Amino acid sequence: MREGSPWTGLGAVVLKELADHLTSVRMRILEILMLLAALGAVYTATQEIRKTIGEDPFVFLKLFTTAQEPLPAFAAFLGFLIPLTAIALGFDAVNGEYNRRTMSLVLSQPIYRDALLLGKFLAGIGTIAITLTALWVLLTGLGLWFLGVAPSTEEVGRALLFLFATLAYAGVWLALAILFSAHFRQPATSALAALSVWLLFTVFWTIVTDLFAKGLYRADPNNPLAQLAQARIGLFVSRLSPNTLYAELLVAFLNPQVRSLGPILVTQLEGAVMGTPLPLFQSFLIAWPQIVALVGTVIALFIGAYVIFQRQEVRA
Amino acid sequence: MSALIETTDLTKRYGAVTAVQDLDLQLKAGEVFGLLGPNGSGKTTTILMLLGLTEPTSGTARVMGLDPARKPLEVKRRVGYLPDSVGFYDELSGRENLAYVARLNGLRAREASPAIEQVLNRMGLGNDVGDRAVGAYSRGMRQRLGLAAILLKQVQIAILDEPTLGLDPEAAHEFLEMIRDLRAEGMVVMISSHLLHQVQAVCDRVGLFLKGKMVLEGTVEGLSESVLGGAFRIHVESRGQNVDAILRDVPSVAKVSAMGLNKYRLEAREDCRAAVSKRVIAAGAELLSLTLERPSLDEVYSRYFQEVRHDA
């Protein structure tokens, strides 16, 4: 039907949005927050790790996961800050252009809407990627400094997978925020809507999970199979939340000893040497369904945003 | 010379509402066309269809021979568009806003930057004004920045939507002067406006819109001739006896109406001021003033709709 590449002008949009994000006050505040979180988490983690150094072959990965009261681990901090950052970068992506009356100016240039929407998404992901990579390098450097141990190749590989998983997780919230920004006319409404979804999954999802697993399915306490079924229902419902998927990815990537992300039967453990770490690729295979689910969610949400945006009139 | 913009039976419906109906329009090189009519009469919808930003329900549009519904990128590359109350990125400077437009048009930074300087200077936004954040610009400056963005694209067709809306009279006048300059350079300009009296001075031809239909089309003079009948209106102020009888006697005067003490308005088929003055003086009356009123589109418009209402 229409002619010309949908990517025309994509680079221009990405560059402009990236520059906007990286110089925005919004991003400054979040960067400071993340930096504080990283420093605090790493410092307390190193204090904790020093006590047990030499006992763990993957001491470096402990940097990301070790917590000491009252501070949570770095990974937990990210699970909290990443959705916030992604929502902050995306909540006014589309309706902001309408409100500034720049939409018709941009769309009257030789580009398709595809390029505008995708450009905004890529710029948001790019901004988060730049920030995260900087944090990641900082953390690794601090780890070297405090622990005096160099990470092994496998640890670097696992830490990189952790970085990728965090980006996919960020993508979910960014795509959701952009979707709401296309649907709602007021940026305040779209921000609130995205934050509500985040709250739902962060605070209330355990209740929802319990409701489905324990409230609706009464398992006979004497029947192990029924109990297994109940656990599986709970797991299924909880995995509808991107938070669960992300947490499972972190477990699989950062704890090499983990061999399953669900209930495991004694019979399946026959011949297994408990506590031995899995090779990187095996951990990756364990996490594969979660990766697919997260990336799939990103794509589905983006398509939703795309459909809503394509149907909108250019006029505000 | 073939038409640069041409539409045939162009129609756009939003549900039960018909925004534009059976529009036939032709724009030729080197002319300024006014798309005039009240708000909501289908002007902006027409423009959006010409740019491929919304799809027609039926009918066809051609811009420089291209179908905007199929080749919107090609069309938008060749047409400059100044949207109704255009917005810019307030936190960026005028120069940066233009740089973004240039990049969206595929211009490299090295080629773009001298071109940006040139258009900024031409629009009176050069030097430090161009470095100021657009948020601090006045409305007139924003409109000029919008025109600069069109010039930057080096196009042959410019479509301006309500370009003088919200400008003070002086800024509006200045802006219309710039449009005249563009025309002199051979650019085709299409202006949409509901401020008829402001834009009539720059338009070679106008189309009057009402409820999605172009009800009148032609030159300003031609329209006033056909709608107002006697196209010339002369205002006379004269003291004396039986002045209106004297005036009615002047050949080519179609109608005399008293407009107050000693004031009369003549409708004539030609400019008969010389005859009027001679006769008034010859009859011994005092002639205080004698002016020819330019036909105004506002009047054409309101008169036309009076007739329409009468017929209905």
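Guide: A crossing of two helices is called right-handed if the near helix is turned clockwise from the far one by less than a right angle, and left-handed if the turn is anticlockwise. The model to which this term is applied here is a predicted one.

In chain A, helix 7 of chain A passes helix 8 of chain A in a right-handed crossing. Helix 7 of chain A spans residues 113–147 and helix 8 of chain A residues 153–183; the two pack at an angle of about 145°, and their axes lie 10 Å apart. On the side of helix 7 of chain A, the residues in contact include A:L117, A:F121, A:I125, A:I128, A:L132 and A:W136. Among those that meet them from helix 8 of chain A are A:V156, A:L160, A:L163, A:L167, A:L174 and A:I178. By class, the residues of this contact divide into 16 nonpolar, 4 polar and 1 charged.

The largest pocket holds about 540 Å³ of space. Its lining consists of 23 residues, and A:K16, A:D20, A:H21, A:R100 and B:E91 lie nearest its centre. Two or more lining residues each come from helix 1 (10–23), helix 2 (25–51) and helix 4 (74–90) of chain A, and from helix 3 (94–104) of chain B. Helix 1 of chain A gives the most to this lining, with 7 residues. The lining of the largest pocket divides into 9 nonpolar, 4 polar and 10 charged residues.

The second largest pocket has a volume of about 410 Å³. It is lined by 20 residues, with A:R113, A:Q310, B:G52, B:L53 and B:E55 nearest its centre. Helix 12 (280–311) of chain A and helix 2 (72–78) of chain B are the elements that give two or more residues to this lining. The residues that line the second largest pocket comprise 9 nonpolar, 4 polar and 7 charged.

The sheets of chain B complete the picture. One of them is an open sheet of 3 strands in the order 2-1-4, with antiparallel pairing. Its edges are formed by strand 2 (17–27) and strand 4 (58–63) of chain B, each of which pairs on one side only. From one strand to the next, the twist averages 20°. Strand 1 of chain B, residues 5–14, is joined to strand 4 of chain B by 5 bridges in the antiparallel sense, and B:T8 stands opposite B:T60 in strand 4 of chain B. Strand 1 of chain B also runs antiparallel to strand 2 of chain B, with 7 bridges between them; here B:I5 stands opposite B:L27. These two strands, strand 1 and strand 2 of chain B, form a hairpin with 2 residues between them, and B:G15 in the turn has a positive phi of about 60°. Across strand 1, strand 2 and strand 4 of chain B lies helix 1 of chain B (residues 43–50), which runs at about 115° to strand 1 of chain B.

A further open sheet of chain B has 6 strands in the order 5-6-7-3-8-9, and its pairing is mixed. Strand 5 (79–82) and strand 9 (213–218) of chain B are the edge strands, each pairing on one side only. With direction ignored, neighbouring strands of this sheet are turned by 15° against each other on average. Strand 8 of chain B (residues 205–210) pairs with strand 9 of chain B in the antiparallel sense over 5 bridges, and B:L208 stands opposite B:L216 in strand 9 of chain B. Helix 7 of chain B (residues 169–184) packs on this sheet and touches strand 3 (32–36), strand 5, strand 6 (157–161) and strand 7 (188–193) of chain B. The direction of helix 7 of chain B makes about 150° with that of strand 7 of chain B. Helix 9 of chain B (residues 220–228) also packs on the sheet, where it touches strand 8 and strand 9 of chain B, and its direction makes about 105° with that of strand 9 of chain B.

Lastly, strand 11 (residues 253–260) and strand 12 (residues 263–268) of chain B pair in the antiparallel sense over 6 bridges. Within this pairing, B:V256 has B:L266 in strand 12 of chain B as its bridge partner. The hairpin of strand 11 and strand 12 of chain B has 2 residues between the strands, and B:N262 takes a positive phi near 65°.

Technical notes:
Residues numbered from 1 in each chain as written. Chains lettered and ligands numbered in written order. Predicted model: local features only at pLDDT ≥ 70, side-chain atom pairs only at ≥ 80, totals over all residues. Heavy atoms only, no water. Axes fitted to C-alpha atoms, helices over the stretch in contact; angles between N-to-C directions. Helix = DSSP H or I, 4+ residues; strand = E, 2+ residues; numbered from the N terminus. Contact = heavy atoms within 4.5 Å. Nonpolar A, V, L, I, M, F, W, Y, C, P; charged D, E, K, R; others polar. 1 Å grid on protein atoms, 1.4 Å probe; cavity = no way out; pocket = protein on both sides within 12 Å on 5 of 7 lines; lining within 4 Å. Points joined across faces, edges and corners; volume = space filled by probe spheres on them. Pairing = 2+ DSSP bridges.
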